[in-house]
Amino acid sequence: MAVQQDATTAGERRVSLRDTVVRTTSAAGASIAQLASGLGTAFRALLLLLWLAVTAVTSLVGVGLLMAPLVLGALHALAGRERDRLGRRGPEVIAPEPPPTRLRLALVDPTTRRELRWLARHATLGCLLGLLGVLLPLVAVRDSLFPLYWKLLPADTTATSMGVGNAHSWPDSLAVAMLGVGWIAILLGLGPGMARAQARPGRLLLAAGPETDLSLRVAELTATRAAALDAHATELRRIERALHDGTQNRIVSVTVLVGAARRMVARDPAGADDLLERAQSAAEQALAELRTVSRSILPPVLDDRGLAGALSGLAAECAVPCRIDVDVPERCAASVEATAYFVIAEALTNIAKHSGATSASVTARSRGGRLLLHVEDDGRGGADQDGGSGLTGIRRRIAAHDGTLSLASPPGGPTTLKVELPFESSPS
């Protein structure tokens, strides 16, 4: 028995190690692709920055003033291209209102100022990180494969990709290969961080800022209100179907059986007793369905045990082993607690049905007047935020409270769902 358990544990460790290697390699590959795509806009940003410097110098004699609209137009176009690139590789970067191209208006325009700050950062740090993202894989392959071709090189040829050292023996060539392994380790460990550092200025400076016209906020609130109304209508339809298709049919069955039993009680008491037993069973099923529907409207466990107890109950009923960590010392608004409960319930249901995970974790925290929810599983990944009724329902519930949702689910996993909700529900 002990040998079998040891073999099972060893097999689980091999599977876990394989999954870790796949996730790490996938993340490194995605980060290299992101850095390489960022190098394209970073190189354009460097050229535009030089053009801007020339325009600023020549404007002292009046010539640069004629080029200013062209430079500003190129700046806005490049910023738009960067927003599109970031949107394809992560959350969408919402663009502000189109900035002006006339020099006098651009000097006081906050969007243009933010784009200029992004231009300086992306042309320097972004370009450097992009170059590293392109060169590191090349030097890693070159050095790690050096023992395969070092005999074919001319004598006294530089051995390493750094331009120093010569290889005259097999130990020397193996040392170069170890350097290549070091480059690979740097890529695996630092690649995702480098990609985030390259994208951060664009996400911070190119998105619609607090100075942006309130029309964007009005449009966002209009969409949120429409989503909340749709979610409310969908919930009412679900309750109506549950009552009509389930409970109502049970009660009709009870009525028919009781009527038949009344007519049979005089001539066939045994048959009447059997009908009454069936009627009682149908009534009990109808009562159970009513309780299920009422719990789906507002689970009583939230009132009895609070959010921590309710989430613990969800984890206990989940088909996948789930760890719960709740640190919410204060009670949220009832509607927020109900939304958090249903979001976690739907997320755990999706994990059990679709992820193929062996474990999951749920974390809830209250920070700065916000309720932060974090759900993670070690499944196969590949979840689509824009597909599936489950995620659509989660998004609508969150939008009704003006909350935020982010989903990261690369192929191979892990899948991470992050939700932020205000402690108090938004006024309708």
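Helix H5 (residues 146-149) holds both Phe-146 and Tyr-149, which sit three residues apart, about one turn of the helix; helices here are DSSP runs of H or I with at least four residues, strands are E runs of at least two, and both are numbered from the N terminus. The model is a predicted one, where local features need pLDDT of at least 70 and side-chain atom pairs count only at pLDDT 80 or more, while totals for chains, interfaces and linings use all residues. Residues are numbered from 1 along each chain as its sequence is written, and side-chain values use heavy atoms, with hydrogens and water left out.

Back to the aromatic rings. Searching the whole structure turns up two aromatic pairs. For Phe-146 and Tyr-149, the ring centres are 5.4 Å apart and the planes meet at 75°, so this pair is edge-to-face. Rings of Phe, Tyr and Trp (its six-membered ring) pair if their centres lie within 6.5 Å, and planes under 30 degrees apart count as stacked, over 60 as edge-to-face and the rest as tilted. Phe-146 is buried at 2% relative accessible area, whereas Tyr-149, at 24%, is partly exposed; buried means under 20%, exposed over 50% and partly exposed in between, using a 1.4 Å probe and protein chains only. In the pair Tyr-341 and Phe-342, the centres are 5.6 Å apart with planes at 80°, so that one is edge-to-face too. Tyr-341 and Phe-342 are both buried.

Next come the nonpolar cores, each a set of buried Ala, Val, Leu, Ile, Met, Phe, Trp, Tyr and Cys residues joined through side-chain atoms within 4.5 Å. The largest has 38 residues, and Ile-344, Leu-348, Leu-371, Leu-373 and Leu-421 have the most contacts inside it. Helix H10 (334-355) is among the elements that supply at least two residues each, and H10 gives the most, with 11. Leu-373 touches several residues beyond four places away in sequence, including Ala-340, Ile-344 and Leu-421, where contact means heavy atoms within 4.5 Å. A second, separate core has 15 residues, Leu-86 and Leu-205 among them.

Then there is the sheet: five strands, open, with mixed pairing, in the order E1-E2-E3-E5-E4. Strands pair if DSSP finds at least two bridges between them. E1 (322-327) and E4 (404-408) are at the edges with a single partner strand each, so one side of each has no neighbour in the sheet. E2 and E3 run antiparallel, joined by eight bridges, and Ser-361 stands opposite Glu-376 in E3.
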